[in-house]
Amino acid sequence: LEQSIGGYKVFAQYFPTHPKVCDVKHKIAHALLRQMGAYNRDASKAKQAEFQLKAALQSCQTASARPAIESDLKDVQQVLGLHELDVARFYINTRQAYKAGESRLRDIISQYPFFSYFDESLYLLGVSLIEQEQPEEAAEYFTRLVRDYPNSEFSKSGRNYLERLGRALPPPRNHDPAPVRPSFIGKLSLI
């Protein structure tokens, strides 16, 4: 896989205007995807794959491969988000290191808006801010949770925190069902 990545990179470097350069960049990302481990292991290959997929999206504005590239990017970001969330859970639940968990959760919220555990990230960020005695900022995240994910398993706890903080409960923005957590067994055949 490393040899194929090297060959594809040489092709993309010497022929940047070739009609197949989008496919070549996607192939580089696919080779990195195949080397990617589980979300609770080293995330360096996932980060490299994300970088490569973003580069492919920038250079392939009208290519037919664009939907496949976007789909692969969402899958990689799901793995990266799970990695960050797993570390944040460890810091918050095991070590009570709320500041360390906060930085991981802020990264998830700013970088992975389609992450399937976004509701849990909002909740844990609010809890970590409460523990750090920052109730005003925590209320913002609980409000987002209750408003944007009214059927989430964390929504009830978010409402309880808002009531304890003396905040009004926001009306739900949607009536979507609880977030769907993807199964990674189906993804193994693709990687």
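A charge sits over a ring if NZ of Lys or CZ of Arg is within 6 Å of the ring centre and within 35 degrees of the ring normal. The structure is a predicted model, in which local features need pLDDT of at least 70 and side-chain atom pairs count only at pLDDT 80 or more, while totals for chains, interfaces and linings use all residues. Residues are numbered from 1 along each chain as its sequence is written, and side-chain values use heavy atoms, with hydrogens and water left out.

**Charges over rings**

| Charged residue | Ring | Distance from ring centre |
|---|---|---|
| R89 | Y117 | 5.8 Å |
| R164 | Y161 | 4.5 Å |

**Aromatic rings**

Rings of Phe, Tyr and Trp (its six-membered ring) pair if their centres lie within 6.5 Å; planes under 30 degrees apart count as stacked, over 60 as edge-to-face and the rest as tilted. The protein has eight aromatic pairs by this rule. In one of them, the ring centres of F115 and Y117 are 5.7 Å apart and the planes stand at 45°, so this pair is tilted. F115 is buried, with a relative accessible area of 5%, and Y117 also counts as buried at 18%. Here buried means under 20% relative accessible area, exposed over 50%, and partly exposed in between (1.4 Å probe, protein chains only).

**Overall fold and helix α7**

The protein has eight helices and zero strands; helices (H or I, at least four residues) and strands (E, at least two) are DSSP runs, numbered from the N terminus. Its C-alpha trace spans about 60 × 35 × 30 Å along the principal axes, and 40% of the 191 residues are buried.

Helix α7 (residues 135-148) contains 14 residues and reaches 20 Å from its first C-alpha to its last, close to the 20 Å expected, a span defined as 1.5 Å times one less than the number of residues. Its buried residues include A138, F142 and L145. Among the elements that cover the buried residues of α7 are α5 (98-111), α6 (118-131) and α8 (155-164).

**The disulfide**

One disulfide is present, defined as a pair of cysteine sulfur atoms within 2.5 Å. The sulfur atoms of C22 and C60 lie 2.1 Å apart. This pair links distant parts of the chain, 38 residues apart: C22 in helix α2 (residues 21-35) and C60 in the loop between α3 (44-59) and α4 (66-95). The torsion about the S-S bond is about -120°, so the disulfide is left-handed. Both C22 and C60 are buried.

Methods: Contact means heavy atoms within 4.5 Å.
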